[in-house]
Amino acid sequence: MSAITILYAALFYAATAVLVAGLALKIAQYARTPAPLKIPTTPAPATRAGVAWRMLREVALFESLFRANKWIWLFGWAFHVALALVLARHLRYFQEPVWGVVEITQPFGIYAGFAMLASLAGLWARRFVVERIRYISTYSDHLMLALLAGIAASGLAMKYVSRTDIVAVKAFMLGLMAFDWQPLPADPVLLVHLALVAALMAVFPASKLLHAPGVFFSPTRNQADDPRERRHVTAWAQE
Amino acid sequence: MATAELQAPALREYPVIPILARDAMAGSKPFVASDKINEAIGFPGKLVENWREKAIGKMGELLDKYRGLRVFLDACVHCGACTDKCHYFLGTGDPKNMPVARQDLFRKVYRRYFTLAGKLVPRLVGAEDLTEEVLDDWYKYFNQCSECRRCSVYCPYGIDTAEITMAAKEVMDSIGMGQKYTNEIIGKVHKIGNNLGLPGPALRNTLETLAEEVKEDTGIDVRFPVDEKGAEVLVVTPSADFFAEPHVFSLVGYAKVFHAAGIRWTMSSHASEAGNFGLFIGSYDQMKRIALRVREAALELGVKRIVVGECGHAWRVAYSFWNTLIGPFDFLDPRYPAPQHICELTWDLVQRGAIAFDREKNDARVVTFHDSCNVARGSGMGGIPRGQFIIPREIIRAACNHFHDMAPETIHEHTFCCGGGGGLLTDELLELRVKGALPRMEALKRVVDEHGVNFMATICAICKAQFSKVLPYYQFDMGMVGGVHQLVGDAIRLGRND
């Protein structure tokens, strides 16, 4: 077994551990922290079912963002849908046999790869072109875009420029999951792609990517507008 | 920064997002509270020795107490959706008045002391130590947020800058950096019973005079009762309603509604204030103590209903928080919402035919309605979706023949703050208040030009006071602003009981 295989196997175990444990800790922290007051933002539904529907629109369609700014919505929404399709396409590396749904996503996943790159370019351009967004951008905002763009570009490069042995890659991934390690092809583009993915997984719980679990815990979005009908009480607030 | 030659920004036909004007408002800050004011409400008198440690400690405490704060500080992706949503940014161009930039003043300190990335690579993630300069920025720019929550409507994660502003104010209060205007008023509420510091006897006197004036006007004995045990309804209203113009005209309106409907009501000298500035400084404890006066008054007077007058933030506190803070209201009549807004009460009476209007009495007025932020984005009315937008407008239509809404992107939940909310209604912040009113003034100008609007109704004491002061800077008549119940009072049919 090559040093590269050992290195990448270790890298993915570590990245997965950081991602899962880090997210679990963050989610537990959010869940444990009380929301002592009712602060939903209008238009707030009056029932729990209404809240679920609002949340679904928020995470699937980015409703609030659509109302705020059509350009950010276009790039942001396109990016997330593309990312979802790309991730769906990649599921085939982690299952044998491959599910029917995953097979259906295969051709879309390719287009989505381009859409992902294009929308990332749009989001990135805003950080340079729009003065207000240039002002609020930090190095880490740029780095996050670089990371995602690097992942998308290296992924597409393996499809169109320098192909890799994907059968071996799949064997490597299945081997990781079964703790039965298989050799990883030492193609530079693949190694870059995987290293960037591992980096993304590792920074997830310590970065702004926490917006993903965070939105579900946001009191302005997940509370029902029923303060007069239902008395809302949390522990510390009753002392 | 109130200077004699303060100029309002020009009203534009097509408002555009301003280019950044760095530090444009770096000179704007309210007076710091004196030690006497701070100590009276339990805060350190002046900046404490170890303020940095204290502040970080307080931040940690708040992070454990408020899920919203924790999530909001973590979740922002700097997408920029909020950057053009704040009226203070639109009016001043100061980039630190962009909601995300304002949040980042707090977030960068959170990152530095409470996140791994901020501890390891502060420069990379925009984390910063809490220095004197940072604290100074906090004091300036968290006192340039009216906690109107407009940005929160547009944020894809619902990040509410008001919650962060409140947390920052709470941290500052805990180290002796309290703001004079809000903290002085909180002291007055506890000591005297209302924000304006009007003692019981003076209150009774004022209301007697008011009753005489109404009698002169209408020939009818409309009552303004105080501390009447056994009344059905306790009305809690902002103390400005007792004598300031145009507020007092709304109080006359409420009184006429009760008179015409034959409902026995009373005000309370113990709880002679609906306003609750505890909200503005983010203090749960203060908010609860201030609200408790209302429960005590209701129990002592034995009323069956509690009705809140025209006050925006008071209605948010009453509608959204009272049940939590001072509930349950099992001692009140369950057939009515507890608490109830005066507009809910009036609209209910209109629908049941218990009161009626001679609309032509308002014919000289062409009316528009300014949605107050706390009502629009932080409360409801009537138990129906969007009731807080529908009900006040329906009342106006019932009482007036001429009504025109302002542009849709400036009303309802998109409404612009008057520029004076959140504890900023103080003279030393006049420049901020005038500039912050720009988006509302531009929307108003359009309906003035297109429809000849000459009256802007609103249901908030702060809006009324702020507009009265600011309208003249934009060449409008200060008398253009008034309450919804001012319109009600001028057109309602009295004499039903005669």
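**Notes on the predicted model: strands, domains and the chain contact**

1. As a general point, strands of a sheet pair through backbone hydrogen bonds, in either a parallel or an antiparallel manner.

2. These two strands sit within an open sheet of four strands in chain B, whose order is E2-E1-E3-E4 and whose pairing is parallel. At the edges lie strand E2 (265-266) and strand E4 (340-341) of chain B, each of which pairs on one side only.

3. Strand E6 (residues 455-458) of chain B deserves a careful look, for B:Phe455 and B:Ala457 point one way from the strand while B:Met456 and B:Thr458 point the other way, and all of them are buried. Three bridges link strand E5 (residues 367-369) to strand E6 of chain B in parallel, and B:Val367 has B:Phe455 as its bridge partner there.

4. Strand E6 of chain B is also joined by three bridges to strand E7 (residues 481-483) of chain B, again with the two running parallel, and in this pairing B:Thr458 stands opposite B:Gly483. Together with helix H21 (residues 461-470) of chain B, strands E6 and E7 make a right-handed β-α-β unit.

5. Turning to the domains, chain B is divided into domain 1 (35-178) and domain 2 (187-491), and the centres of the two, taken over C-alpha atoms, are separated by 30 Å. Their contact takes 22 residues from domain 1 of chain B and 22 residues from domain 2 of chain B. On the domain 1 side, the elements that give two or more residues are helices H1 (35-40), H4 (87-92), H9 (150-154) and H10 (161-174) of chain B, and by class this side has ten nonpolar, six polar and six charged residues.

6. Which element of chain A gives the most to the side that touches chain B? The contact as a whole takes 51 residues from chain A and 56 residues from chain B, and the elements of chain A that give two or more residues include helix H4 (70-90), helix H6 (131-136) and helix H7 (139-160). Among the elements of chain A, helix H6 gives the most, with five residues. Sorted by class, the side of chain A that touches chain B has 25 nonpolar, 15 polar and eleven charged residues.

Methods: Residues numbered from 1 in each chain as written. Chains lettered and ligands numbered in written order. Predicted model: local features only at pLDDT ≥ 70, side-chain atom pairs only at ≥ 80, totals over all residues. Domains from an automatic or database assignment. Contact = placed C-beta atoms within 7 Å. Nonpolar A, V, L, I, M, F, W, Y, C, P; charged D, E, K, R; others polar. Pairing = 2+ DSSP bridges. Buried ≥ 20, exposed ≤ 12 C-beta atoms within 10 Å, placed from the backbone. Right-handed = clockwise from strand over helix to strand, strands pointing away.
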